[in-house]
Amino acid sequence: MKKSISHIFTITLLFITFSCTSYIKPIHTESVPSSENITRKLVFKDGTLDVNFYGDYIFDKVDKNIIFFTNKEISGMLSNLKIKPSSQILFTYTKSSIYNNMLGFYYAGKNLTDVKNDFSIKTPEKEMQNGLLYTYEYKGYYIMEFYRQQEKGVVRFISVNDSAKQTVEKFRLENNNVFFDINAQLWNEL
């Protein structure tokens, strides 16, 4: 009897722990001075990555009126890749427009081949020497996922668009500008 109660307690605790994960939260990122854009140092287990953002991206607070997805929906997007993230390293959004709600995750010990083999979409939209881009629709959202190979793992950016408030074309333009124009250095050789 004691063993049954112990098992029930353990299962309940695990369920509560994993079902209460919040992806919608400020993640500490350090500002990098002397940049024309906002540069943030994303910190993860095996290192850091400097990423540029435009001036209207918010990092230090959450405005629930502007966040248009739920934790459950992010869990669904994360499940497109069978590999579980080691940590969340970014949550940001824009206030002046509904271009982006963006999250970042780190996968320690993984590489781009692991991503390609384990992602639900078998062919990326774009392949770079040290990165991948996937685009897809999920429950009415248009999603762009950027993967960047690090020395000891992979960084995953998930950009989410509320298509009811922002056209897919403008969303794609914003993300292409963020990831390929002001962050062109991300796709250079390691």
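**View 1. Gln-149 sits in strand S9.** Strands here are DSSP runs of E, at least two residues long, and helices are runs of H or I, at least four residues long, both numbered from the N terminus. This is a predicted model: local features need pLDDT of at least 70, side-chain atom pairs count only at pLDDT 80 or more, and totals for chains, interfaces and linings use all residues. Residues are numbered from 1 along each chain as its sequence is written, and side-chain values use heavy atoms, with hydrogens and water left out. Is Gln-149 buried or exposed? Gln-149 counts as buried, because its relative accessibility is 13%. (Buried means under 20% relative accessible area, exposed over 50%, and partly exposed in between, with a 1.4 Å probe and protein chains only.) A polar atom of the Gln-149 side chain lies 3.5 Å from the backbone oxygen of Lys-110. The bridge partner of Gln-149 in S10 is Val-154.

**View 2. S9 and S10 form a hairpin.** Three residues lie between the two strands. S9 and S10 pair in the antiparallel sense, over nine bridges. (Two strands pair if DSSP finds at least two bridges between them.)

**View 3. S10 also pairs with strand S6.** S6 covers residues 101-108, and S10 covers residues 153-162. Eight bridges join them in the antiparallel sense. Tyr-107 has Val-154 as its bridge partner in S10. Asn-101 stands opposite Val-160.

**View 4. S10 is mostly covered.** How many of its ten residues are buried? Ten of the ten are. Gly-153, Val-155, Phe-157, Ser-159 and Asn-161 point one way from S10. Val-154, Arg-156, Ile-158, Val-160 and Asp-162 point the other way.

**View 5. Seven strands make an open sheet.** Their order is S4-S5-S6-S10-S9-S8-S7, with antiparallel pairing. Which strands stand at the edges? They are S4 (57-58) and S7 (126-128). Each has a single partner strand, so one side of each is left without a neighbour in the sheet. Helix H2 (residues 71-78) packs on this sheet. H2 touches S6, S8 (131-138), S9 (141-149) and S10. The direction of H2 makes about 130° with that of S10. (Contact means heavy atoms within 4.5 Å. Axes are lines fitted to C-alpha atoms, for helices over the stretch in contact, and angles run from 0 to 180 degrees between N-to-C directions.) Helix H4 (residues 168-181) lies across S4, S6, S7, S8, S9 and S10. H4 runs at about 15° to S9.

**View 6. Gln-88 is found in strand S5.** S5 spans residues 87-94. Gln-88 is buried, because its relative accessible area is 16%. Which backbone oxygen lies 2.9 Å from a polar atom of the Gln-88 side chain? That of Tyr-23 does. Not counting residues up to four places away in sequence, Gln-88 touches Ser-22, Tyr-23, Lys-25, Ile-27, Leu-103, Gly-104 and Phe-105.

**View 7. Three strands make another open sheet, in the order S1-S2-S3.** The pairing is antiparallel. The edge strands are S1 (30-32) and S3 (47-53), and each pairs on one side only. Neighbouring strands of this sheet are turned by 35° against each other on average, direction ignored. Three bridges join S1 to S2 (residues 38-44). Val-32 stands opposite Thr-39 in S2.

Conventions: A polar contact is a pair of N or O atoms within 3.5 Å; within protein, one must be able to donate a hydrogen and the other to accept it, and residues adjacent in sequence count only if both atoms are side-chain atoms.
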